[in-house]
Amino acid sequence: MLVDSHCHLDRLNLDNHDNQLSSAIDAALARGVQQLLCVGISVNNREAVVEIAEKYPQVVSSVGVHPLDVKEGLATENDLIEWSRHPKVVALGESGLDYYYSEDDKSLQQESFIVHLQAAAKAQLPVIVHTRDAREDTLRLIKEYGSETSAGVLHCFTESWEMARQAIEMNYMISISGIVTFKKADELREVVRQIPMDRLLVETDSPYLAPVPHRGKSNEPQYVRDVAEYIAELKGISFEELAAITTNNFYRLFPKAKASLQNR
Ligand SMILES: [Zn+2]
Ligand SMILES: [Zn+2]
C-alpha cells in the first residue's frame, strides 16, 4: 500500500479521465495508492478540498493558506481550529514561506505561518509546510511557535541536508516529490540518501511536477508510484519496503487519517 501525502485534487487536469476525478482516483488505486491527502491552499478552496474528502473514502484533506496565496485572505487561529474539527481534516496547511518569486509579502507570509503553527499546536494537528528560499526564517518560526508533539512535514522538499536535519531534530518529516527524478536533481538525491527512513514521505504535489517518465504531462496521484520506485532504488531497498515504511510514517504523522480509514 502506498500513500500520496500531498496532492491538489481540486486542480487536476482530468482530460485523460473523461473529466471525472473518480477515474483519476481509480487509476491511483490500480497502482497501489490507497490513500491521498488533498491539500488546501487558500480560504477560497477550503470547501472544495473538504468536499472531495467527504466524497471519496480514500481521500483526507488539510485546510490552510499557502504562502503565495496570503494576499487572497488570511485565516485566523480560530478559523483554522474550527475548520480542523471536521473528521476528514487531518492537518493544517499548506502554510510556510516562499521567497522565491518575491520578498514583497515576507511579513504577511510570516504572520500567516505563525498563525498556522499556533493553531496546530492548540488543535494538536500536524502542519504541512511549504518552504522555498526561506530556510532560516522557516526553521526559526517552527522553533519559536511550533509544537514538537504535533510537528509536521516539510513538503516537496528541495532544500539542503542541513535544513532537513534541523527540521528532523524538531520532530518533522521530509516529503519528497517527483523532482527527485529530474536530471538536474543530484543535490536533492544526495539529501534523500541521508534522510532517515522513519522520517520520509512521498508525494506527487499533482498537478505540478510530474516525475520521469511522465515529465511534461500533467501530474496525478497515480504517479506517486514512480516517485516511490525511484526513491526505493536510491535507498537500495525494495519498492514494497519503501511503500510500507512511508505509509507507516504517514499514519504516524497524521493519526486522524488512520482513524478516518478505520471509520469507513
Ligand atoms: Zn507547496
Ligand atoms: Zn502543494
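Tyr100 sits in the loop that runs between strand S4 (89-98) and helix H4 (106-123). The model is predicted.

**Tyr100 and the surface**

- Tyr100 has a relative accessible area of 43%, so it counts as partly exposed.
- Together with Leu68 and Tyr101, Tyr100 makes a nonpolar surface patch of about 340 Å².

**The zinc ions**

- His130 belongs to strand S5 (residues 127-132) and His155 to strand S6 (residues 152-155); the two are 25 residues apart, and the pair links distant parts of the chain.
- Both His130 and His155 are buried.
- Glu94 also coordinates the zinc ion (ligand 2), which is 3.4 Å from the zinc ion (ligand 1).

- Ser5 is part of strand S1 (residues 2-7).
- The relative accessibility of Ser5 is 6%, which is under 20%, so Ser5 counts as buried.
- With Ser175, the contact is polar and joins the two side chains at 3.2 Å.
- A polar atom of the Ser5 side chain also lies 3.0 Å from the backbone oxygen of Val202.
- Cys156 is 151 residues from Ser5 in sequence, while their C-alpha atoms are 10.0 Å apart in space.

Notes
Residues are numbered from 1 along each chain as its sequence is written. Chains are lettered from A and ligands numbered from 1 in the order in which they are written. This is a predicted model: local features need pLDDT of at least 70, side-chain atom pairs count only at pLDDT 80 or more; totals for chains, interfaces and linings use all residues. Side-chain values use heavy atoms; hydrogens and water are left out. Patches are made of residues with over 30% relative accessible area and no salt bridge: like charges are joined within 9 Å, nonpolar side chains (Val, Leu, Ile, Met, Phe, Trp, Tyr) within 5 Å. Accessible areas come from the Shrake-Rupley method with a 1.4 Å probe; for residues, only the protein chains shown count as cover. A salt bridge is a side-chain nitrogen of Lys or Arg within 4 Å of a carboxyl oxygen of Asp or Glu. Helices (H or I, at least four residues) and strands (E, at least two) are DSSP runs, numbered from the N terminus. Buried means under 20% relative accessible area, exposed over 50%, partly exposed in between (1.4 Å probe, protein chains only). Donors are N, O and S atoms within 2.8 Å of the metal (3.2 Å for Na, K and Ca); water is not among the atoms, so sites may look incomplete. A polar contact is a pair of N or O atoms within 3.5 Å; within protein, one must be able to donate a hydrogen and the other to accept it, and residues adjacent in sequence count only if both atoms are side-chain atoms.
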